[in-house]
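Thanks, everyone. Let me put the model up, and then we'll walk through it.

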Amino acid sequence: SAFTSGVSLESSPNTMEHIKCPILQEIMKWNGWGYVDSKFQFNKKGQAEFTGKRYRLSGMVMPALKEWFESTFGASLQHKTPAIPNSSAVQPPILNEAFVEDLKSTGIPFSQDAEDRVFRAHGHCLHEIFALREGKVGRVPDMVVWPSNHNDVVKIVELACKHNVCLIPYGGGTSVSSALECPPEETRTIVSVDTSQMNRILWIDEKNLTAHVEAGIVGQELERLLNESGYCTGHEPDSMEFSSLGGWVATRASGMKKNIYGNIEDLVVHIRMVTPQGVIEKSCQGPRMSTGPDIHHFILGSEGTLGVVTEVTMKIRPMPEYQKYGSVVFPNFEQGVACLREVLTLITNVFAGHALKPQKFYITKFKGFDPNRLCVATLLFEGDRERVLQHEKQVYDIAAKFGGLAAGEDNGQRGYMLTFVIAYLRDLGMDYYVIGESFETSVPWDRVLDICRNVKERIIRECKERGVQFPPLSTCRVTQTYDAGACVYFYFAFNYRGLSDPVHVYEQVEHAARDEILANGGSLSHHHGVGKLRKEWMRETVSRVGMGMLKSVKDYVDPGNIFGNRNLL
Amino acid sequence: MLKKRDDFEDILEERRNCSDLRYALKCYTPVVYKGLTPCKAGVLKNMVLQSDQLHYVINQVSKETGKAPEDVQEEASAILEEMAHRMQLSTVRFFAFTLCKVFKTLFRSICVNEEGIQRLQQAIQEHPVVLLPSHRSYMDFLLMSYILFTYDLALPVIAAGMDFMGMKIVGEMLRMSGAFFIRRSFGGDKLYWAVFSEYVKTILKNGLAPVEFFLEGTRSRTAKSLTPKLGLLNIVMDPFLKGEVFDINVVPVSISYERILEETLYARELLGVPKPKESTSGLFKARRVLSEDYGSIHVYFGQPVSVRSLAEGRVNRCQFNLTPRHIPKRPSDDVHSFVNAAAYRLVRAQEENMVLKPWVLLASLLLQNHHQDLDQDRLTEEALWLRDVCRQYGAFLHWPDHVPPSEVVSSSLDLHRGLVRISEGRVPAGPSGPGVHPGAGPEEQLLNQAVVVLSCASYRNQALHVFLRPALLASAMHIATSSNKQEVFNSFSFLRNMFSNEFILCPGATMQDFEEACFLLVKTGVLQITEQEVLSTHRGHRTLAFLTRMMDPFLQGYQVICMFLCEEASEALTEKTFIPAVRGFMVKQLLSGRLRYTEVLSSDLQKNALAALLRLGAVLKTKGADQTTLKVNRVMVNSLEDTLGKKPLQHLWFEFSS
């Protein structure tokens, strides 16, 4: 555990028994991404390696990474910025004694342990992790409670209403929108409702191909359990190792295979949510209804402001018979984008997903291509074997029209694998004065190239103006495609040596980049959500009337602002 | 107030010492916009013809007119053919060679700020560039290309008026040196507009070449900057506003001629002698011109202005999110006002970097001197005084301090001997050129005199922007009924509004202009301004008198036009007959001695005054079947006349003739 026993914890000595329900918390970093045992580091020879046994990359030495790291950021292994190993000053909890008493009588496990509270006080925004690495902790939840089923949640919400306590639902903790940050001005007791114990598949309906699942289940666990029965959901967001079903619903998540399976809003058939006004759900599981505005859409993307999602009925599919990775190298990003657009208009069903990234470090040289401009598309095909092979050929034929050359299955698979370990890279950077983040948007096709160029340029320009001494990494990739547009990710990182307040500089640049995105016809967010980080742009995004609609829903469902994380509105 | 400006380098100096031919044939490898792939004229045309923008309009026109899309496409192709440049390095080299010879004969020097050139070179590599030179002479765009060629910079494509096309061979040669030709008016022609705007945008977006055009739309015949035209500026800003490029650098360029080639030509034109049609033979007849001395030219490449930073906080670019960008749309109000404000800012940037020669000051002084012959010493003394005032106001004055002032004055007078006669060390009252023959009839004499006066005025006008705001304040104090600050401000505001077609006055900046004027006049000890009052100081009298007299011809001109409209204008007055009628009225008044300033005969002033009166609603246009008649609101015009004159006109005349 990251907290040494030497840290004084402020909970009173006669606290109720300390219940250690969390499983993931035990094996996850408290101030960085992912598993404690998995991380990038430079070994004694100065070569990069990835520790642990969990990933294909684990245990591998990557000599090229050091060079890439040093040349891209001007970073040096001599200049370290290690994380402070523990956090000292956690504020003592503000406790509503009457609530605690009533809660105790329900028998639902809870904790006031500082470590538990700090763990649930943040997501993975740069400023959150940076502060933790410096040992700085702001307002954290005063208690953590672990309901084990829907009825527990009903009881917790009733008690919270009765005693005017603030609830913040907590799923996998992978938010990148400041959604989990406790509002510093909140004076009531803040209770983190950790749904991780609600992690069962309640039933599978093979006739209708649906599964009824508790919302606290984590993505990889859901897939594992379904696979045991020969099914899958096909919903695979990059965070699926840690993020939860409830979190997906609350943020309108998107997975990399959405071209076949759909995004979360396409996958849910039924949602059950506990609100201060009671439980909201539909009366049947009809595949589509015309019953006024779809109430699911008040819940999808509500970001924990209306209630706790407890159970979800999801579509499932038989596991694919055949799966094949692939990759294509394009001479430049423009050609790659044009190709993806074309592929999309011709092929549906089998083309599971792809990502298009310029200047990737796993393919740096390719015959006849300018290494500074080449771009790689990674591909994944799923379905019955014959059709996969047929479509694979079709995709490569199209790619050839755009100057793309097949670059092998291995590169494709490596690309997908990198999706999961890329988040660990930031922690490595933070050991050596490099901070960064990725952020996303969605944009119509005709603006993809323009938005990429302008946002990248804006980032570089803003860094210069704000005194960043080294040229920043400013790059992007197309991660999702739709008929009417695409999802674009921007990666931005820089070496902050010489800056007194690097996080502030980072935030200013990201802010400017978001302005630029909006000015170029991009959306506020494709799937990360708004949280508190992007709230200021909500009004212009959904219009004044739209804001009013959302507000009036909040006012009706939660007049006492029990779900007071202050996201979104 | 004094701005740091760059130093100049004479680019003709080297040309006088080494081979022009070698220069013209030199290795020319300009730096280009990043990522640029060179593009042949044919490729460019295809890009334009195949653009979504043009396709959309072609289909639209086809639907509206019932013509087959292929036919409309043909039309578009023909328009493009007529318009497009065909830049050829060989032609450029030919021009370079020829111009060397011509320039060396005509001019003593062509001075360029090299730091500006370096900034431009930098700008070209970063973002697409738009060059905005001032426009005072036909020379301007050849000169621009010549300079850019000299410095190994990318040659611009230049928007030129169709009238050049009349000069057959020359027109084609200009085309081959980068000019493209646009019709003077194509108001309702959608297709033409689409081809034209797409052509310019394609060049710009792809960074194929800097785009050059004249913000003022046409050559200023008066040397005053003209109210900027927004059409092309709108087009070049569009790719930025729609996110098609990250930024665009706009570079204002100020070209100052010590003596303008077209000097008396302009004056005649302003007096109603029709403008000779541009023709090749006409150009060659101008060979006489080659034997004269036209002094020096100063070309100042200003600070590149980033369109992105201009638009920051002023235009919400999200407004383009909801319609496909290839569908042409009228600029929204905020885009329009942004482009308008930017245009004024850029014209002012041109003005600020105009180099003023001593002659400009002499011309200003001579125009104000009606009473007696000046001896040259007195003129020198006055010029030195004005030089110092000018410098205090931050003018970009090139007065050679190492030369004795009397020499500066006499060499200036000598260069402009066509406009001022000097006899026995005395300069006669008012400008009077050799064109004034005592034998001619009174009207002819008056017009000949006016040619000289207007020529001189065009030099004074070069300095107008320096004095404009203080001069408006001085005049405002003169016409205000008291020294009460609010009243003076009201008068200032009135004059500013009245003259906003005449001078470059940014819309909506009344308060700023007033404060700027107050600041300058207080700083130089001319005024004392308290909470309540604006008072002139004893030592400020001379400056105030100078400034007021500078404005007088304009005040009187507008006033006489008001008088004409009240007293003489018939019901049948039309837009077409307005100028001749006003001119006739003015000539009568001048001949009878009731009007002092021959300068008011300038059709520029008359047109501006009419535009102002229309804008203020004092005159209304009614479009008839074949002509537009003007309807005068007598009450309003009367009151404008009174305000402009403060006192009844008779009184003013008395003052002038005493």
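Ile182(B) sits in strand E5 of chain B, residues 179-182. Helices (H or I, at least four residues) and strands (E, at least two) are DSSP runs, numbered from the N terminus. This is a predicted model, where local features need pLDDT of at least 70 and side-chain atom pairs count only at pLDDT 80 or more, while totals for chains, interfaces and linings use all residues. Residues are numbered from 1 along each chain as its sequence is written, chains are lettered from A and ligands numbered from 1 in the order in which they are written, and side-chain values use heavy atoms, with hydrogens and water left out.

Is Ile182(B) buried or exposed? Buried, with a relative accessible area of 11%. Buried means under 20%, exposed over 50%, partly exposed in between (1.4 Å probe, protein chains only). Leaving aside neighbours within four places in sequence, Ile182(B) is in contact (heavy atoms within 4.5 Å) with residues including Met162(B), Tyr192(B), Phe196(B) and Leu232(B).

Leu232(B) takes us to helix H11 of chain B. What do the buried residues of H11(B) pack against? Strands E3 (129-133), E4 (157-161) and E5 of chain B, plus helices H10 (190-205), H14 (307-311) and H15 (333-352) of that chain. Just after H11(B), Gly243(B) has a positive phi of about 75 degrees.

Next, the cores. A nonpolar core is a set of buried Ala, Val, Leu, Ile, Met, Phe, Trp, Tyr and Cys residues joined through side-chain atoms within 4.5 Å. The largest has 162 residues, and Phe301(B), Trp359(B) and Phe578(B) are among those with the most contacts inside it. Helix H23 of chain B, residues 541-567, gives the most to this core: 15 residues. A second, separate core of 93 residues includes Phe402(A) and Trp445(A).

Last, the interface. 15 residues of chain B are in contact with 14 of chain A. The buried area is about 1200 Å², with carbon and sulfur atoms giving 34%. That is accessible area (1.4 Å probe) that the two parts lose on being put together, summed over both. Phe246(B), Arg317(B) and Arg325(B) supply 45% of what chain B buries against chain A, more than any other three residues.

How many salt bridges cross the interface of chain B and chain A? Five, each a side-chain nitrogen of Lys or Arg within 4 Å of a carboxyl oxygen of Asp or Glu. One is Arg325(B) with Asp446(A), closest N and O atoms 3.5 Å apart.
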